[in-house]
Amino acid sequence: MASPHLPFLSFPKTPPPPPPLASPKPLTLHSPLALPSRPRATPAAAPPPDAAGAGPAAPTRGDCFLGRQLATEAAARVLAPDDAERRRRRKEKRRALARKPSGLASCYGCGAPLQTAEDAAPGYVDPATYDLKKRHHQLRTVLCGRCKLLSHGHMVTAVGGHGGYPGGKQFVSAEELREKLSYLRHEKALIVKLVDIVDFNGSFLARVRDFAGANPIILVITKVDLLPRDTDLNCIGDWVVESVVKKKLNVLSVHLTSSKSLVGITGVISEIHQEKKGRDVYILGSANVGKSAFISALLRTMAYKDPVAAAAQKYKPIQSAVPGTTLGPIEIEAFLGGGKLYDTPGVHLHHRQAAVIHADDLPSLAPQSRLKGRCFPANDTDVELSGNSLFWAGLVRIDVVKALPRTRLTFYGPKKLKVNMVPTTEADEFYKTEVGVTLTPPTGTERAEGWAGLQGVRELKIKYEELDRPACDIAISGLGWISVEPLGVPSNSADSNGEEEYDDGELHLIVQVPKPVEVFVRPPLPVGKAASQWYRYQELTEEEEELRPKWHY
């Protein structure tokens, strides 16, 4: 039997999945307000759990804190010396500025604070006068009793201590006066430094930067009117500049001046106005170098064009031959365009002759007229220096051990101090019997008994190469200088074979002075008419000439 016909059954097939749609591109807007899209940051891969500093080995917060503390302490130990030095300097600056003169009323003559308690001390004013001047606000016009005595020629000292003056009244020490100037190095000021040409080395103040700091300095050489007649100031100016360069002191310029004849004062005024630039001007120098006299000459010259300086002349500092006249900074209204002028206390140096003699003998050390050299031996004698000793007052002894037959020593200093020559074999006995009598200062037998003598001894072997010029100068601090000429005495005969015996180019001298006093050996100062013939100017390159300070007179 045939099978029944089965109809064909068809099932629809499963359609294939549609292809993935492409991701749409980001819409780019061309509008000016559209912001640029930022790229997405990819997260950093986490370190594996066993890496150092992560996971169980990660430092705790306490460890991080301890590490920061240790690093801070280590840095502090490294920087501690610098911080301590910085703190020390700030403390020193505050202490120095505290010494700056305040508005306390002071004597216009010496700068001492006014007081009514002790009549013998500096700054004393009668109580009735003080009250009257104070009531009318005129304390700046008061002159103390000591200044009145000084203005009438009385010798009233006030400075004691190391560098002070024995035998007189001592109200303030030299150290205290130096402390009063300590604030100056922290001020913005113009420094005018004064040096005495007669005592150039003794009054130079080689450590002036301890007082002046980094402030600019104008160097003023005073008392050039005391130099011997016919001295060529061109030679003097070149000699001074060369000495300043050797001392490595950086100055703006050098001026040769005389407060008495007003030589060179105008040039200093011009330099001050050019360099002042609104700053105060301080006159600085060693004791008795002529600061008050220089200020008086300055005001007198400025008064022709500056009414402020003309008014300041009425109350100007006192001038006196007594070292230590000024006892405090004196403020002077001297400039029409601003800034003040200050007279400062002199820096008292222990190595000068003034620090060892009695206060009453101080005037004998100050030259009052033009210097005139005293030659030994004189031209009209046949005496030779070898084997002889020369005494300059009771303050200097020179033993001539070896010299040429025509060697001559020329003394430049105060005329009141006599020079005596005796054989060296008799020198000790001569000094013992004549000190205080003919060898003065010290003056009088009473002061001679307390005189310590010439304990400082310096042996000098002086080399010379040229016989037609002085070999050197022997400068005595606070007194003057001695020119050493190998062939200073003119020859009486054409035969000069006598010099061949000592033709080794050396002189041998022994110099004795009181112990603190210093002796300087320096190139000869070109003084007198003949100096312009033997003095030689330095040969310099253009660069050296540009770096050297310029001098004026």
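Me: In which sense do strand β6 and strand β8 pair?
Reply: This is a predicted model in which local features need pLDDT of at least 70, side-chain atom pairs count only at pLDDT 80 or more, and totals for chains, interfaces and linings use all residues. Residues are numbered from 1 along each chain as its sequence is written, and side-chain values use heavy atoms, without hydrogens and water. Strands are DSSP runs (E, at least two residues), numbered from the N terminus, and two of them pair if DSSP finds at least two bridges. β6 covers residues 280-285 and β8 covers 341-343; over 3 bridges, their sense is parallel.

Me: Which residue in β8 is the bridge partner of Y282?
Reply: Take the pairing of β6 with β8. The partner of Y282 in β8 is Y342.

Me: Which are the edge strands of the open sheet?
Reply: The sheet has 7 strands with mixed pairing, in the order β7-β8-β6-β3-β4-β5-β19. An edge strand here pairs on one side only. That gives β7 (330-332) and β19 (550-552).

Me: What angle does helix α8 make with β8?
Reply: Helix α8 (residues 291-302) packs on the sheet, touching β3, β4, β6, β7 and β8. Contact means heavy atoms within 4.5 Å. Axes are lines fitted to C-alpha atoms, for helices over the stretch in contact, and angles run from 0 to 180 degrees between N-to-C directions. The angle is about 150 degrees.

Me: What share of the protein chain's residues count as buried?
Reply: Buried means under 20% relative accessible area (1.4 Å probe, protein chains only). The chain has 553 residues, and the buried share is 45%.

Terms used
Helix = DSSP H or I, 4+ residues; strand = E, 2+ residues; numbered from the N terminus. Buried < 20%, exposed > 50% of the residue type's maximum accessible area, 1.4 Å probe, protein only.
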